[in-house]
Amino acid sequence: MQMTTQRAYIVRGVLLWLTACLVCSALLYAEQIRRQYWQYDRAFNALFSTISTALTQNESVIPILNGDEDLALLRQKFPQIESLEKTTGRALDAPRVEPLSATSYWLYNPYRQIRVQVNLAPQLHPDARFADIRLSLTQKPTPGPYRWHWMRQFPQHFQPFILQASATPHWLSVALLPHALLAAGWALIISMTMLLLWGRKQQRSDRQRADYYQHARLNTLGEMAAGVVHEINQPLTATQMWIQGGMRQLDQGRIDEAQHAMRSALTQTQRINDLLTRFRAHLVQEEVTMTRVNLAESWQRVGNLLEREPGSKQIHITHDFSALYVQADRLWLEQVLHNLLNNAIQAQANNPQGWVHITSEAAGYRVKVTLTDGGPGLSSEALKLALMPLFSEREGGLGLGLTLSDSLMTRMNGSLELANAPGGGAQISLWLIREK
């Protein structure tokens, strides 16, 4: 379930990242194309100003020419004038402009009967980015599949030209680095946001889970009473067995063995007292006291408590602790281990070669404690419902041991997971905070 939720968050984050990247990249791409347009537009206006200056010079100089001027000297000041000629019989109302090509034309002064040939080719091609640029006397659309068009008429009276230009955006000539930085920035923002949301969801889930068990206990006092009976039944049975054994030793005159039995019975009664105290704390939701707990020592104490349980002698118990210390409540942790070990022993009551193996390993800031047994394992229904109150597949079972264990793990900022080992048998994992 947790992996499914994590995968859903990852998928949502990736989809959100792709959407943000696509939208922002599209806007960034449009902005880069728009900047290309404004670069063309500035180039067109600059070209218009340059040609307008040349046309103004033409209209300023032609009224004072008489046709006898030195062309070389004239071109030093007005390089756009290529030739100077005299005319005869030119009517005063004849056109002042006679086009020769797309960039050159004759400019007439009929009053002085002269004309000058003007060539604006150097001014018309200052920027090769324009796909087409021309001077015309009429507004004609520029042929060709061009995206952008500019058209502006010069204010000179005798040279009423219209400057026209066309261009096509360079669709692929855009900077890729801003897009890469944009994708990286969104990836960082979205990943941090999703991690924050996931952390908050986990906190809410843990809090709701703890509240659920707490409210369930407060609302079902009968269930809690059954839980107390379930938990104290084992040490009470062990106490009775130790007392009975001690009495037999006394009858036989074995004082040392009788004293050992009495001390063991006292240990079990003290455990009953501790369990009742912890149940009271569990009911009133007192603060948990987390300390540095040695796993090996706790496991040894649990094994000692169960050494006289029926069927326990035929169970081979082994351990391998690579991470020794965890942050937990010692008695609660031992209670959880006691429940799990007792369940493993009861599951193998008819198995003369039963075994239980417990390991621990560090996983980042946590420790994973895994208890595996040689029993038949958990059914598919038990894997789903074993942590629910009153569920039990064992005859005479109350169905509270795993429920209480899971609740205690939650109170210790840990968790309990149920599974079956690949080779058979139940495999229960405890996740606890690591303590160095």
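Biologist: Which residue in E4 is the bridge partner of Ile81?

Modeller: Val118 is the partner of Ile81 in E4. Keep in mind that this is a predicted model.

Biologist: How do you know that E1 and E4 count as paired strands?

Modeller: Pairing takes at least two bridges between two strands. Five bridges join E1 to E4, residues 114-119. Five meets the cut-off of at least two, so E1 and E4 are paired. The two strands run antiparallel.

Biologist: What is the order of the strands in the open sheet that holds E1?

Modeller: The order is E1-E4-E3-E2, four strands with antiparallel pairing. From one strand to the next, the twist averages 20°.

Biologist: What makes E1 and E2 edge strands?

Modeller: Each of them pairs on one side only. E1 covers 81-86 and E2 covers 97-99.

Biologist: Where is Gln113?

Modeller: Gln113 sits in the loop between E3 (104-109) and E4. Its phi is positive, about 55°, although Gln113 is not a glycine.

Biologist: Now the sheet with E5. What is its strand order?

Modeller: E5-E7-E6, an open sheet of three strands with antiparallel pairing. Its edge strands are E5 (132-136) and E6 (148-153), each pairing on one side only. Neighbouring strands here are turned by 10° against each other on average, direction ignored.

Biologist: How do you know that E5 pairs with E7?

Modeller: Again, the cut-off is at least two bridges. Five bridges join E5 to E7, residues 162-167, so the two strands count as paired. They run antiparallel. Ile133 stands opposite Ala165 in E7.

Biologist: Why is Thr370 called buried?

Modeller: Buried means under 20% relative accessible area. Thr370 has 10% relative accessibility, so Thr370 counts as buried. The residue is found in strand E12, residues 366-373.

Biologist: Where does Asn413 lie?

Modeller: Asn413 lies in the loop between helix H10 (401-411) and strand E13 (415-420). Asn413 has a positive phi of about 60°, although it is not a glycine.

Key. Residues numbered from 1 in each chain as written. Predicted model: local features only at pLDDT ≥ 70, side-chain atom pairs only at ≥ 80, totals over all residues. Heavy atoms only, no water. Buried < 20%, exposed > 50% of the residue type's maximum accessible area, 1.4 Å probe, protein only. Axes fitted to C-alpha atoms, helices over the stretch in contact; angles between N-to-C directions.
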